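Q: Could you walk me through how the parts of this chain sit against each other? I would like to take it one step at a time.

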Amino acid sequence: MLEIREGVFWAGAIDWNLRVFHGYSTPAGTTYNAYLLRDELPTLVDTVKRDGFGEMLGRIREVIDPREIRYIISNHTEMDHSGAIGRLLECCPEAEVVCSSKGAEELRRHHKRDWRFRVVGSGDTLDIGARRLRFLPIPMVHWPESMVTYSEHDRTLFPNDAFGQHFASHERFADEVPAGIVDAQAAKYYGNIVLPYGSQVVKALEAVGGLDVDMIAPSHGLIWRRPEDIARITGLYARWARHDTDPRVVIVYDTMWHSTEAMARRLYEGLARENVPAVLMNLQATHISDVVTEILRSRMVLFGTPILNSRMLPTMAALLMYLKGLKPKKRLSWTFGSYGWSPIGFKEVEASLKEAGFEPAGEGKYVPFVPDEAELEGLAETVAMLKAKLLA
Ligand code: FEO
């Protein structure tokens with residue numbers, strides 16, 4: 001059993017095979033992190049997904065008899081963290097479930113059980129022996145009932161989903177894995193899970209900013225323990241929450257007979273010639289959650305689709321529907337594509353982008369059937385316009 005600091009044990013489960021997490025592709029799997037605090041009143045911070053119960057219980061048993069557990073803290077009720085509570089409570093009948101008032105409501109709705117709840121609010125504390133635990137709400141990071149648990153004794157923050165990554169590994173600490181890998185996973189996690197809640201993230205960072213923290217132990221992925229890593233991930237969260245971006249362009253498209261693709265490629269070549277960093281993403285080859293990860297750091301997105309039955313292609317519709325929920329801010333968009341007999345379907349693309357919060361960089365370019373060379377060459381003017389808008 002891994003003791004992440006004296007008396008604090010990682011008791012989570014590794015989900016090596018998870019490939020989709022509510023619509024987000026997870027090629028690296030994930031972990032569900034639970035933490036056992038060995039103290040006079042042994043306490044478990046969060047549990048795991050239902051399927052990981054046996055793995056978690058085995059890890060707890062390496063340290064204590066599970067019957068000794070007195071508190072199970074539920075920072076967040078989503079089932080990847082609360083799915084195993086019911087079975088665990090059968091092993092520790094004396095335990096109380098510590099959560100926010102909304103958390104208690106949601107746990108009742110999920111599990112159809114009325115356990116012994118201890119409801120805590122902002123700043124409330126719980127003494128478990130040498131440790132005094134403090135609770136701070138972080139609503140909408142990721143659900144309304146979400147809260148963090150802070151152990152001053154351990155100078156450790158347990159923020160549940162915040163600062164997490166969907167990343168299954170033997171390693172438990174961020175400094176044991178190349179920073180580029182961890183940061184990429186943290187970015188994908190933020191872009192696909194936390195992005196709509198930037199203003200709440202700012203408040204959450206303020207709430208925990210005054211705490212003396214030298215370890216951040218999230219509920220997914222790797223634990224942040226080096227000062228430079230903690231500074232880096234909290235700095236990234238602050239940047240992402242402000243919707244700060246780099247002057248980069250994402251060109252995302254689908255294509256039927258390669259007309260829209262020819263436009264996408266010409267746009268990419270033009271931007272590359274202008275030394276504008278850009279990435280070309282075909283929706284037939286790229287999952288929408290990977291597109292969102294690129295959008296997280298990019299100021300401008302070019303959306304290309306052909307028209308089918310007076311509508312955009314379903315792959316583009318799925319991306320735009322996803323973006324309407326994620327609501328990226330402070331980003332420019334531009335639209336392009338080919339059509340057969342009517343460009344009417346592009347109105348829907350433009351309307352969807354407006355609803356998702358994008359600001360149009362200019363009028364879109366739509367060509368009937370197949371673009372000719374003059375039309376493709378004409379995209380050079382578009383590139384100049386887009387570059388000017390990008391750098392304005
Ligand atoms: Fe990891 Fe919102 O659950």
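Predicted model: local features only at pLDDT ≥ 70, side-chain atom pairs only at ≥ 80, totals over all residues.

Q: Which elements supply the side of domain 1 that touches domain 2?

A: β5 (24-25) and α5 (179-194) each supply at least two residues of that side of domain 1, and the largest share, 5 residues, comes from α5.

Q: And what is that side like by class?

A: The side of domain 1 that touches domain 2 has 6 nonpolar, 4 polar and 1 charged residues.

Q: How many salt bridges are there between domain 1 and domain 2, and which side chains meet?

A: The count between the two domains is 1 salt bridge; in the model, the side chains of lysine 188 and aspartate 290 meet in a salt bridge, at 2.8 Å from N to O.

Q: Stepping back, where are the domain bounds?

A: The protein chain is divided into domain 1, covering 3-241, and domain 2, covering 249-391, and their C-alpha centres lie 38 Å apart.

Q: OK, and how many residues are in contact?

A: On the domain 1 side there are 11 residues in contact with 10 residues of domain 2.

Q: What area do they bury, and which three residues of domain 1 supply more of it than any other three?

A: Domain 1 and domain 2 bury about 1000 Å² between them, with 59% of it on carbon and sulfur atoms. Of the area that domain 1 buries against domain 2, 45% is supplied by Asn192, Leu195 and Pro196, more than any other three residues.

Terms used. Residues numbered from 1 in each chain as written. Heavy atoms only, no water. Domains from an automatic or database assignment. Contact = heavy atoms within 4.5 Å. Buried area = accessible area lost by both parts, 1.4 Å probe. Salt bridge = Lys/Arg side-chain N within 4 Å of Asp/Glu carboxyl O. Helix = DSSP H or I, 4+ residues; strand = E, 2+ residues; numbered from the N terminus. Nonpolar A, V, L, I, M, F, W, Y, C, P; charged D, E, K, R; others polar.
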